Amino acid sequence: MESPQPGSRGAEALKNISPGSSISVAYHSLFGPHDDLLLLELDEKLLPDVLHERVVLRGQPDEDAVLCTPSKTYAMKFVGTSNSVLLVPPANHSEFYENPQKNDSNMEEDKVVAPVIKVVSGNMELVETAPRLDKLKSFLSEKTYNFDVGNLEDNQESTIGLYNWNDLVNNIQASDEELRSGLQALSAVEINGYWRLVDGSYMDMILGMLLKNSVLNDWSLNALNEDEVVCTLESDGFPGVLARHCLHTYGTKLNEGMPGRVWKLDEKRVCIHFAKEILKGGKRKLESFMDEWRQKVPDGMQPSFDLMEGEVLTERVGVETWIRAFSVASLPSTPAERFSILFRERKKWEWKDLQPYVRDLKVPGLSSEGLLLKYTRRTQPSPDAEPVFSAR
Amino acid sequence: MEIRVRCNCGEGSCEEWGIVELQGVVEPQSGFHDSLPNLHIGTLCRPSSQEVYTFTVGYHELAGSKVPLKKPMVVLKKVKHPDGESGCKVELQVVGVIRHKILFKNRPKALISKPQMGSRERPKPIMLGSSPSNQAA
């Protein structure tokens, strides 16, 4: 194979036209539509991720593809142009290599030529977008891990309706990092290679057993030894992986420096767990709810109503205050759907009530004020009155 | 499904591709639609040391300049690998990067001088419906 003279043909020729000279722009001998060649415009800062093979396109055939770096998700938009964009490959590009001798026009043999391989109709652009995680929850809710499954012998459960990591990345349009934090936010746990949500009442049983054991064995809830906890719960008939998951869900790991792994139960998460259990039965009068709540939480924990922000709605009926469960975690993460459900729930929201239900919404390029402007109507009866938000 | 973006070139050594962009459509005369390969489109000239260029296509001359792209573009090629189970696995391969283009953003001006009709060269493709012409190279 002859090697072409450097700089004499192709994109190099186009780049290095010396002052006072000219080159010929011609159709490439392999000129054609070349639909398999795409142009993707991207930020300079994303280039290293692309060149080091750290990006991937994700989506089902019926979805618009997204491009994921290790940490972020970008929507891909095709931007067309009415201009003629003539694409010139480098001369030594193996696939489009032309032997200059093959050129049948004698006149052009020693002329510098930039061959056009295709006329491009536009390019793809990237727009940073929020990960599309709503599907994740519905997937994992198909088959939750419950008491019956926990008592099956290993690997006896059918894997239909279960999702491993590969199934998730093939179906969920999110970067690896966003998917991991989505799984964490749902308190999902990987069991036998599949990502699972643990049934709420099963979690309640395990947490109850952990607390009972802590009283029996005189454990401090601020310093629970993981091995000890797991060993004890296993002897009570719970799988070890769930005992560990219980510590992850309701506790925080303490710094190293102590022998073994040591966990501290998180007061807020434990208190919220018991409040939710109480409200499972429907709405309750505030006073009776608080009484039962104080009784249910472990000794030493002080449940305060502030903890329930984003978990309950309060209603005044005459002199009585009633509360019922309404958890922000159960709401969709796309702003349009979220606001539609919120305004179906209540026509008007005061800011202090609304805020816990919208503060987790994140749309790249849109501030939280921008979100409110887009999806709500703000009214303020008088300058010193609290603003009220209603549907647009 | 997942489509991986592959790159064989590694950072720094990614081949640079070029772009010539102009308004309108380059339209070969009807007789040449089937014989485009190797057909000469026009002559790109850099008259001075400035990054200013002229592009002569048929009777028309365009004036333009080399501009850096605001954001780089990568050239991706869709590659299908036969895959045992599910038929085909698609990958995108980075085959090049583009950082500049030679842009002719104005409409072409007609060359006033009467073109010489050459005999040795094949007729040139035309642009915007002009008749074939020969460039004084």
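**Entry 1: two helices in chain A**

I began with how H7(A) crosses H8(A), and I found a right-handed crossing. This is a predicted model, so I am reading computed geometry throughout. I noted that H7(A) covers residues 200–216 and H8(A) covers residues 226–235. Their axes lie 10 Å apart, and the packing angle is about 115 degrees. Because angles of 65 to 115 degrees count as roughly perpendicular, I put H7(A) down as roughly perpendicular to H8(A).

Next I looked up who meets whom. From H7(A) I listed A:Ile206, A:Met209, A:Leu210 and A:Asn213, and across from them, in H8(A), I listed A:Val229, A:Thr232 and A:Leu233. Sorted by class, this contact has 5 nonpolar residues, 2 polar ones and no charged ones.

**Entry 2: on to the next helix**

I then followed H8(A) to its contact with H9(A), which spans residues 240–250. Here I read an angle of about 130 degrees, with the axes 9 Å apart. H8(A) and H9(A) are therefore oblique to each other. I wrote down a right-handed crossing for H8(A) and H9(A).

Which residues of H8(A) meet H9(A)? I found A:Glu226, A:Val229, A:Val230, A:Leu233 and A:Glu234 on the H8(A) side. Their partners in H9(A) are A:Gly240, A:Ala243, A:Arg244 and A:Leu247. I counted this contact by class as 5 nonpolar, 1 polar and 3 charged. I was pleased to meet A:Val229 and A:Leu233 again, as they had also turned up in the contact with H7(A).

**Entry 3: a look at chain B**

I turned to chain B and asked how many helices and strands it has. The answer is 0 helices and 9 strands, so the pattern along the sequence is simply β-β-β-β-β-β-β-β-β. Of its 137 residues, 34% are buried. I also checked the contacts in chain B between residues at least 6 apart in sequence, and 64% of them join residues at least 24 apart.

**Entry 4: where the chains meet**

Last, I looked at the two chains together: 55 residues of chain A are in contact with 50 residues of chain B. Several elements give two or more residues to the chain A side, including helix H1 (10–15), strand S5 (73–88) and helix H5 (165–171). S1(A) gives the most, with 7 residues. By class, I noted 31 nonpolar, 15 polar and 9 charged residues on this side of chain A.

I found 6 bridges joining S1(A) to S4(B), residues 40–46, and the two strands run antiparallel. Within that pairing, I saw A:Ser24 standing opposite B:Thr43.

Technical notes: Residues numbered from 1 in each chain as written. Chains lettered and ligands numbered in written order. Predicted model: local features only at pLDDT ≥ 70, side-chain atom pairs only at ≥ 80, totals over all residues. Helix = DSSP H or I, 4+ residues; strand = E, 2+ residues; numbered from the N terminus. Buried ≥ 20, exposed ≤ 12 C-beta atoms within 10 Å, placed from the backbone. Contact = placed C-beta atoms within 7 Å. Nonpolar A, V, L, I, M, F, W, Y, C, P; charged D, E, K, R; others polar. Pairing = 2+ DSSP bridges. Axes fitted to C-alpha atoms, helices over the stretch in contact; angles between N-to-C directions. Parallel < 35°, antiparallel > 145°, perpendicular 65-115°, else oblique. Left-handed = near helix turned anticlockwise from the far one by under 90°.
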